[in-house]
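The sequence and structure come first.

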Amino acid sequence: MDSILVKGNGPLNGQIPIAGAKNACLALMPATLLSEEPLTLTNAPRLSDIKTMTELLQSLGAEVSSLQDGQVQALSSHNIDNHVADYEIVRKMRASNLVLGPMLARLGQAVVSLPGGCAIGARPMDLHIHGLEALGAEIELKDGYLHAKAPRGLKGAVIELSFASVGATENIMMAATLAKGTTVIKNAAREPEIVDLADCLRKMGAHIDGAGTSDITIEGVDRLHGATHPVVTDRIELGTYMLAPVIAGGEVELLGGRLDLVGAFVEKLNEAGVDVLETKAGLKVKRRADRVKAVNVTTEPFPGFPTDLQAQMMALMCTADGTSVLEEKIFENRFMHAPELIRMGAKIDVQGGHATVTGVDRLKGAPVMATDLRASVSLILAGLAAEGETIVNRVYHLDRGYEQVVRKFSGVGAQIERIKGS
Ligand code: EPZ
């Protein structure tokens, strides 16, 4: 397994391009199953998760080709000859469950392995199941697989989500585009990736109102046609790289960065003593003083502070002036980066869903281990500001969500390299 070696090397300066959003693309790609006509996605990120989704769609009979070095995904599901999403693929990536709604709507049946838990939590699918059953699907769990069928097609319904689940909102919204009648999703997720998916579905002929608010209304249609759609900018990659000049010093411009995608995150950065400036090309970030102030963070569904930036913010708070409390309210086990940061000299006390971080002057480089996608990049951020060398092991986690991470960090002066594993 490869590792990444990073050395604290002082301020970072320059520009970092931000790619299309992994979590938007992983919902947009299954949308091809809703139509016999081709769907083309541009600005697609080049990530291993996108390759996994490609593999899954191809296993169902869809044609998927990655053009222009993976930045364009050309999809066509004219001939879907298999409706079983295999455990071997689904267990690698939970987002595989997003083929359930589209397959039910297009084929009237689907067999999708339950993804099983992952490092950050149990990640059940009860909200997905509840919503699709409300649309008339019959869903049974057998041998670890969800067996779903809708022999008489799907019928619009009013669905109230007990939690604003991103994936459940996406599955239900996609299924409802071909249901008979009107569907209303109440307490829907409001993430930008939901808005991006709705924009793409509307280009395919779907009738959707309210995406980005808590109430989404979908009028079913008989069929959807093909479309071309650009994947929205990745707000989590954006927030991650915004922290590079904050933790290491210097000034970095994030190309393609949009303030509306990272509102709550930028509010917290301003509170900590960081300036974020909108430019023609994106966002320019610089800390006001040599040390940021400690701030408290609570993760919430959008537009609150994103759980996917919690680990990265914790890395920053490790060298902040004062004590900060980070409360993780979305996932039950998302502090695995804490013990690794403690190995680097951080002072962190984790009690259930709260982590109390007391800032130290400087972290010390050490060998550390990545445990999940966002934890892995928080260790690189910590390494950028640490004294000496940090080796981050198990970086396959990184490849899932961060394209060209070494190139992007070294492009602004970071001393970082990838070491080929055995
Ligand atoms: C999406 O996961 C993202 N993944 C996650 O990003 C992100 O952390 C999460 O939304 C929250 O913003 C993709 O978009 C591919 P949820 P998803 O359904 O849809 C519970 C990353 O690092 N829940 O909003 O799975 C669940 O257990 C990844 O890029 C149920 O209880 O998230 C969790 O505690 C990590 N029952 C909470 O809701 C359900 O049926 C949030 O889950 C569904 C979810």
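**Domains, ligand site and local geometry**

The centres of domain 1 and domain 2, taken over C-alpha atoms, are separated by 31 Å. Domain 1 covers 3-18 + 234-419 and domain 2 covers 22-230, with bounds from an automatic or database domain assignment. This is a predicted model, in which local features need pLDDT of at least 70 and side-chain atom pairs count only at pLDDT 80 or more, while totals for chains, interfaces and linings use all residues. Residues are numbered from 1 along each chain as its sequence is written, and side-chain values use heavy atoms, with hydrogens and water left out.

**Domain interface**

- Contact (heavy atoms within 4.5 Å) involves 23 residues of domain 1 and 19 residues of domain 2.
- The two domains bury about 1,800 Å² between them, 51% of it on carbon and sulfur atoms; buried area is the accessible area (1.4 Å probe) that two parts lose on being put together, summed over both.
- Of the area that domain 1 buries against domain 2, 34% is supplied by Phe-302, Arg-400 and Glu-403, more than by any other three residues.
- Seven residue pairs are in polar contact across the interface, both residues at pLDDT 80 or more. A polar contact is a pair of N or O atoms within 3.5 Å; within protein, one must be able to donate a hydrogen and the other to accept it, and residues adjacent in sequence count only if both atoms are side-chain atoms.
- On the side of domain 1 that touches domain 2, helix 12 (373-385) and helix 13 (396-401) each supply at least two residues. Helix 13 gives the most, with three residues. Helices (H or I, at least four residues) and strands (E, at least two) are DSSP runs, numbered from the N terminus.

**Salt bridges**

- The whole structure holds 23 salt bridges, each a side-chain nitrogen of Lys or Arg within 4 Å of a carboxyl oxygen of Asp or Glu.
- Three salt bridges are counted between domain 1 and domain 2.
- Glu-193 pairs with Arg-235 in a salt bridge whose closest N and O atoms are 2.8 Å apart.
- Asp-2 and Arg-418 also form a salt bridge through their side chains (2.9 Å, N to O). Asp-2 lies in the segment before strand 1 (3-7) and Arg-418 in strand 24 (residues 415-419), so this pair ties together parts that are 416 residues apart in sequence.

**Ligand site**

- The ligand is surrounded by 22 residues, the closest being Arg-94, Asp-126, Ser-165, Asp-308 and Ile-330; a residue counts if one of its heavy atoms lies within 4 Å of the ligand.
- Ile-330 has a backbone N or O atom 2.5 Å from a ligand oxygen atom.
- For Pro-124, a backbone N or O atom lies 3.4 Å from an oxygen atom of the ligand.
- The side chain of Arg-374 places an N or O atom 2.7 Å from an oxygen atom of the ligand.

**Backbone geometry**

- The peptide bond from Phe-302 to Pro-303 is cis, with omega near 10°. Pro-303 sits in the loop between strand 18 (297-298) and helix 10 (310-317).
- Asn-43, a residue other than glycine, has a positive phi near 60°. The loop between strand 3 (39-42) and helix 2 (48-59) contains Asn-43.
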